[in-house]
Structures are given as structure tokens and as C-alpha cells.
Amino acid sequence: MKTSLPLLCFAIALSGGCATITSNEMQTVTLTTRDQNGDVVENAKCELKNDKGSWNAKSPGNVMVRRSAEDLSVECQKDGMSAGFLRAISRSAGGMWGNIILGGGIGAIIDHNKGTGYDYPNDLPLRMGESVTIDRRDEKSPAKDNGTQANARPGYPY
């Protein structure tokens, strides 16, 4: 019994909260574009990018991006309109904290390098002609402003 207790503790520490096991390197985000009046803009050509790659899409739509500790930048263009810019803040996922607390940090290093320990906001509401920064923490707020998050912060600090 005494020899199996350390082995059991070791096994629990290795499996506890590992985002590599519970999460995928990819995340599907929903991209929408609106004009200055809040009307939906269709078929805007968008590029989403972070340090793990870049993805092209047309809005509105779902885009699968690779997770990263780095923020996700989005630029959308449509003829006759000013370009829109969005920065989506990357935040640590719950599995990352489980690795730090239970796993001694080795799993957290793996999750950090693979990107599986991070999440972006699920919804990317871009406004043409504007630059905004959105944060997943703001998604908990039920208030929405005509398709954009109520707590979106203006600015283009790439």
C-alpha cells in the first residue's frame, strides 16, 4: 500500500488538468462584419493571424484558427468601405492552471508551446472602418451592442 500511494499521486499529477489532452490546438471562432450603422456586411475578405499562422475567410462565417499565447489579429476589407481591424486577446484556459497547480508545470510548458492552454473569444464582431480589441473575459457579459461586445475597447495596438 505504501508503494502504490506515491505512484497514484504521480499519475494524478500527470493527468490533472492537462489541456493537451482535453483541448485541441485549433479553435473555431465566429467572424461577423458590420458597417458603421450596425448593418451586416457580407463577403468581406478577412485575414486572421497570430504567431502560429494566418487564415483567410469571408464574413460572416466560422474560421478554425490555431490557438496561441499571442493575440489574434483580424483585418477585413471590402470594396467601397474602410478596412476594419480587430485584436482578440489570448487568455489562459482552465487546463493550463490545472497543469501549473497539479502537474508541476511540465504540462503547462507543453500546453504553452502547442497553444492548447489558451483560448480566444468565440465571437469576433468586427466593424468596418474601426479598430477594436476584444477580450474573452467580456463574453460573460450578456450586454451586446448591435452585434459587438459592450466592453470592446477601441484602438489598434498591434
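Biologist: Which residue in S9 is the bridge partner of Thr32?
Modeller: In this predicted model, Thr32 is bridged to Pro125 of S9.

Biologist: What makes S1 and S9 a pair of strands?
Modeller: Pairing requires at least two bridges between the strands. S1 and S9 are joined by five bridges and run parallel, so they meet the requirement.

Biologist: What makes S1 and S4 a pair?
Modeller: Six bridges join S1 to S4, and at least two are required, so these strands also pair. They run antiparallel. One of the residues involved is Met26, whose bridge partner in S4 is Arg66.

Biologist: Why is the pairing in the sheet S4-S1-S9 called mixed?
Modeller: The order of this open, three-stranded sheet is S4-S1-S9. S1 runs antiparallel to S4 and parallel to S9. Strands of a sheet pair through backbone hydrogen bonds, either parallel or antiparallel. The sheet contains both kinds, and its pairing is listed as mixed.

Biologist: Why are S4 and S9 called edges?
Modeller: S4 and S9 each have a single partner strand, so one side of each has no neighbour in the sheet. As for the angle, neighbouring strands here are turned by 35° against each other on average, with direction ignored.

Biologist: What makes S9 mostly covered?
Modeller: Four of the five residues of S9 are buried. To count as buried, a residue must have under 20% relative accessible area.

Biologist: Why is Val63 called buried?
Modeller: Val63, in strand S4, has a relative accessible area of 6%. The limit is 20%, so Val63 counts as buried. Leaving aside neighbours within four places in sequence, Val63 is in contact with Gln27, Thr28, Val29, Leu31, Leu48, Trp55 and Ala57. Val29 is 34 residues from Val63 in sequence, while their C-alpha atoms are 5.4 Å apart.

Biologist: Why are Cys46 and Cys76 called a disulfide?
Modeller: The criterion is a pair of cysteine sulfur atoms within 2.5 Å. A search of the whole structure finds one disulfide. The angle about its S-S bond is 115°, and the link is right-handed.

Biologist: Which parts does the pair tie together?
Modeller: Cys46 lies in strand S2 (residues 45-50) and Cys76 in strand S5 (residues 72-77), so the pair ties together parts that are 30 residues apart in sequence.

Biologist: Are these two cysteines buried or exposed?
Modeller: Cys46 has 4% relative accessibility, and Cys76 has 0%. Both values are under 20%, so both cysteines count as buried.

Biologist: Which residues have the most contacts inside the largest nonpolar core?
Modeller: They are Leu48, Leu72, Val74 and Leu124, in a core of 21 residues. Several strands each supply at least two residues to this core, including S1, S2, S4, S5 and S9. The largest share, three residues, comes from S5.

Biologist: Why is Asn43 called partly exposed?
Modeller: Asn43 has 47% relative accessibility. Buried would need under 20% and exposed over 50%, so Asn43 falls in between. Asn43 lies in the loop between S1 and S2. Its phi is near 60°, a positive value in a residue other than glycine.

Biologist: Why is Ser59 called buried?
Modeller: Ser59 has 2% relative accessibility, which is under 20%, so Ser59 counts as buried. Ser59 is found in the loop between S3 and S4. Residues up to four places away in sequence aside, Ser59 touches Leu31, Thr33, Val41, Glu42, Asn43, Ala44 and Cys46.

Biologist: How many helices and strands does the chain have?
Modeller: The chain has four helices and 13 strands. Of its 158 residues, 39% count as buried. Among contacts with a separation of 6 or more, 61% are between residues 24 or more positions apart.

Definitions and conventions: Residues are numbered from 1 along each chain as its sequence is written. This is a predicted model: local features need pLDDT of at least 70, side-chain atom pairs count only at pLDDT 80 or more; totals for chains, interfaces and linings use all residues. Side-chain values use heavy atoms; hydrogens and water are left out. Buried means under 20% relative accessible area, exposed over 50%, partly exposed in between (1.4 Å probe, protein chains only). A nonpolar core is a set of buried Ala, Val, Leu, Ile, Met, Phe, Trp, Tyr and Cys residues joined through side-chain atoms within 4.5 Å. Axes are lines fitted to C-alpha atoms, for helices over the stretch in contact, and angles run from 0 to 180 degrees between N-to-C directions. Contact means heavy atoms within 4.5 Å.
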